[in-house]
Amino acid sequence: MNKNPIHVIGGGLAGSEAAWQAAEAGVPVVLHEMRPVRGTDAHKTDGLAELVCSNSFRSDDAQTNAVGLLHAEMRLAGSLIMSAGDAHQVPAGGALAVDRDGFSEAVTNKLEAHPLITIQREEVPGLPPADWDQAIIATGPLTAPGLAQSIAEVTGADALAFFDAIAPIVHFDTIDMDICWFQSRYDKVGPGGTGKDYINCPMDKEQYLAFVGALLEGQKTEFKQWEGTPYFDGCLPIEIMAERGVETLRHGPMKPMGLTNAHNPSVKAYAVVQLRQDNALGTLYNMVGFQTKLKHAEQVRVFRTIPGLEDAEFARLGGLHRNTYINSPTLLDHSLQLKSRPGLRFAGQITGCEGYVESAAIGLLAGRFAAAERLGHAPALPPITTAFGALLNHITGGHIVSDDEPGKRSFQPMNVNFGLFPPVEAPKSEGKRLRGKDKTVAKRRAVTSRALADCREWLGLPSRAEAAE
């Protein structure tokens, strides 16, 4: 066996999980963490897997919630992050919340005690040297400037984002197509398009003025002091545009020109909200030009006043914040390996995922893939029907490339959600078709049941029925 270690750069949730998975596979690991040699603007301790924001891993419901499903798959895969989270759980209803100090201490102790893991407290100022033939960069949104610059140089000037302008994303099956219609402005056929590439939500003047008022009055989040205020005209939050004048939005992202309401052709809309397909499966649509600093609850309230979105369910809500991440679909292969440098992988938020659990899950996959290669095996990719596979597919190529908005990155970070999974038919109940919420719950249960069965098979575990015998 080749005993050269795998080098993991970054001791957050993704790096800690990657190191654990590789070591558990029997491969030596060197985990490099720059704290306390060099601190960050967000971390307060030198503990590994420190939680710098919330202490919640969100829903633990593995039957009807996508992140709860990811929890379950990670537990099946022997996740260090999940075992530490379970051991240090605090009351939080249906969510998994943890004692942040106890959680970080548990992860740190486990990694320090592992016989195949060496922890080096040092900054890695640039890309791994050539003799680190298997390495994982898991440095997150607060990557040190020197390493960030090296990543930018090797990936290209446009491949590394430092500020993330996020527009909300809506589940397609929650859009009311009796009100909305498909059409590109002036029926223009773009690359790979049909002339009907957008969903259009019409507003009359009264609805538009009420919407602008709600934007101006809505509660906003503030930038952290170390983030700065990265507004530039290419991605102004919609509420900032609204502050520039009541007509600004209808001459910008909400302009009605070149559109005819398929349901009422004789009535011209005063303003139009457009949504564009966001993933190859066609299950998610993003709200074009709607990056925002509105608080999440305010976004749901305000955006559901848009005609056709009254019952919208959001796969992701909008935001604008500092978030260092690479353009993974163009740079990484399906095993998270940099296409231009075999053996170098990325993991965690820097790949373009959101959330503690998602970051750890991508670290888990990167650690397993690197260990497999070190042991002379081809990495076994998780099925797209699993939460692991759905999230990995989004990061490495499941999105839709956009060519019609100059300067806008088409790939943006996302939490795991059911819109990333291949669709399933909702099972019938005693021969009757389910509707509304009952149909949604049934579909989610079908997705999670399929996912857990496929995950067990991928991991080489017995099925639930076999395990019960």
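## Salt bridges and a helix pair

Glu 298 and Arg 301 sit three residues apart in helix H8 (residues 296–303), about one turn of the helix. Their side chains meet in a salt bridge at 3.1 Å, N to O; the term means a side-chain nitrogen of Lys or Arg within 4 Å of a carboxyl oxygen of Asp or Glu. This is a predicted model, where local features need pLDDT of at least 70 and side-chain atom pairs count only at pLDDT 80 or more, while totals for chains, interfaces and linings use all residues. Residues are numbered from 1 along each chain as its sequence is written, and side-chain values use heavy atoms, leaving out hydrogens and water.

- The whole structure has eleven salt bridges.
- Arg 58 and Glu 358 pair up at 2.6 Å, N to O.
- That pair links strand S3 (residues 56–59) to helix H10 (residues 356–374), 300 residues apart.
- Glu 33, Arg 35 and Glu 50 form a linked network.

- Glu 358 is buried at 0% relative accessibility (buried is under 20% relative accessible area, exposed over 50%, partly exposed in between, with a 1.4 Å probe and protein chains only).
- Arg 58 is partly exposed at 28%.

**Two helices packing**
- H3 (residues 80–87) and H4 (residues 100–113) pack at about 135°, axes 9 Å apart; axes are lines fitted to C-alpha atoms over the stretch in contact, and angles run from 0 to 180 degrees between N-to-C directions.
- Helices here are DSSP runs (H or I, at least four residues), as are strands (E, at least two), numbered from the N terminus.
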